[in-house]
Amino acid sequence: MRLSKEFRDQFIQHEMRTHGRKNGFVTVGQEARLLKWLPVIGLSKERTLADANLPSGAPIVMEIGFGNGDFLVHLAKTHPDWMLVGVEIYLPGVAKAVCRLDDVGEIQRCRITQLPAQFVLSNQVAEEQLDGLFINHPDPWPKTRHHKRRIIQKDFAELMVTRLKPGGFIKLASDKADLAEWMRDVLDTTPGLSNVAGVGGFIERDADRPETKFEQRGNKAGRVSQFLHYIKA
Ligand SMILES: C[S@@+](CC[C@H](N)C(=O)[O-])C[C@H]1O[C@@H](n2cnc3c(N)ncnc32)[C@H](O)[C@@H]1O
């Protein structure tokens, strides 16, 4: 089975670069589940969260760059009242997460998109629509000349703030010390955000957090992950 051009045009794009990914693949079984579920829970380019059939009043929490879905599945299991929006540009990751959310019976509470987070937040999410945002182990882009590709930038931080409700949160993790400090420095100076740990601080690791693939990778390499928590004033 191959995904048709029409299906790809609606739900899939491949243009954004991602750090250190080899071309993955999507199995025939995964394709069948993408075909089944993306028309139901996929957020295609022309739709917005407002027309994604979310129950009114339910908290809406987004994870950006969910990878294989480790953390998204954890959120779905531990927060049965949240509607979850998963954003991930890496198609094999989207395929794995869709299968895992389907396997645990939580997929109908999720909306999934393979579009870049910058597009999603700018075009598909309204102002003050989100209750929370998670970004775990974003791509590090370690070379100085590539720092501009890091997802946490001043403009993106300001965009996130506009999409959060007052009192909404942003939680981030990184196993790369320089990236963790970069994210902290950008977010500490973003108007409207307050660092729960105080300016310059990191929070303790949440006790119930699962280790995502990239946290495990960091652990194996001897790196200690750092965690950030911000609240929109
Ligand atoms: C280093 S991986 C971390 C994956 C997962 N969060 C974890 O902790 O294992 C970063 C992920 O962010 C995704 N990503 C990078 N840029 C993105 C963007 N602009 N919008 C959505 N996802 C993005 C990548 O495809 C990749 O899967």
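A residue counts as buried here if 20 or more other C-beta atoms lie within 10 Å of its own, as exposed if 12 or fewer do, and as partly exposed in between, with C-beta atoms placed from the backbone. By that count, buried residues make up 39% of the 233 residues in the protein chain. Keep in mind that this is a predicted model: local features need pLDDT of at least 70, side-chain atom pairs count only at pLDDT 80 or more, and totals for chains, interfaces and linings use all residues. Residues are numbered from 1 along each chain as its sequence is written.

Let's start with the overall fold. The protein chain has eight helices and seven strands, taken as DSSP runs (H or I over at least four residues for helices, E over at least two for strands) and numbered from the N terminus. The radius of gyration, taken over C-alpha atoms, is 17 Å, close to the 17 Å that the globule rule gives for 233 residues, so the chain is as compact as a globular protein of that length; the rule is 2.2 Å times the number of residues to the power 0.38. Along its principal axes the C-alpha trace spans about 50 × 40 × 35 Å.

Helix α2 (residues 28–41) and helix α4 (residues 91–103) have axes 9 Å apart, at an angle of about 75°. Axes are lines fitted to C-alpha atoms, for helices over the stretch in contact, and angles run from 0 to 180 degrees between N-to-C directions. The two helices are therefore roughly perpendicular to each other, a term that covers 65 to 115 degrees. On the α2 side, Gln-30, Arg-33, Leu-34 and Trp-37 meet Ala-95, Val-98, Cys-99 and Asp-102 of α4, where contact means C-beta atoms within 7 Å. By class, this contact has five nonpolar, one polar and two charged residues.

Next comes the ligand. It is surrounded by 23 residues, and the closest are Gly-65, Gly-67, Tyr-90, Thr-212 and Phe-214; a residue is near a molecule if its C-beta atom lies within 6 Å of it. Helices α5 (117–124) and α8 (213–220) are the elements that give two or more residues to this shell, and α8 gives the most, with three. The shell has eleven nonpolar, eight polar and four charged residues. In these classes, Ala, Val, Leu, Ile, Met, Phe, Trp, Tyr, Cys and Pro are nonpolar, Asp, Glu, Lys and Arg are charged, and the others, Gly among them, are polar.

Technical notes. Angles under 35 degrees count as roughly parallel, over 145 as roughly antiparallel, 65 to 115 as roughly perpendicular and the rest as oblique. Two residues are in contact if their C-beta atoms, placed from the backbone, lie within 7 Å.
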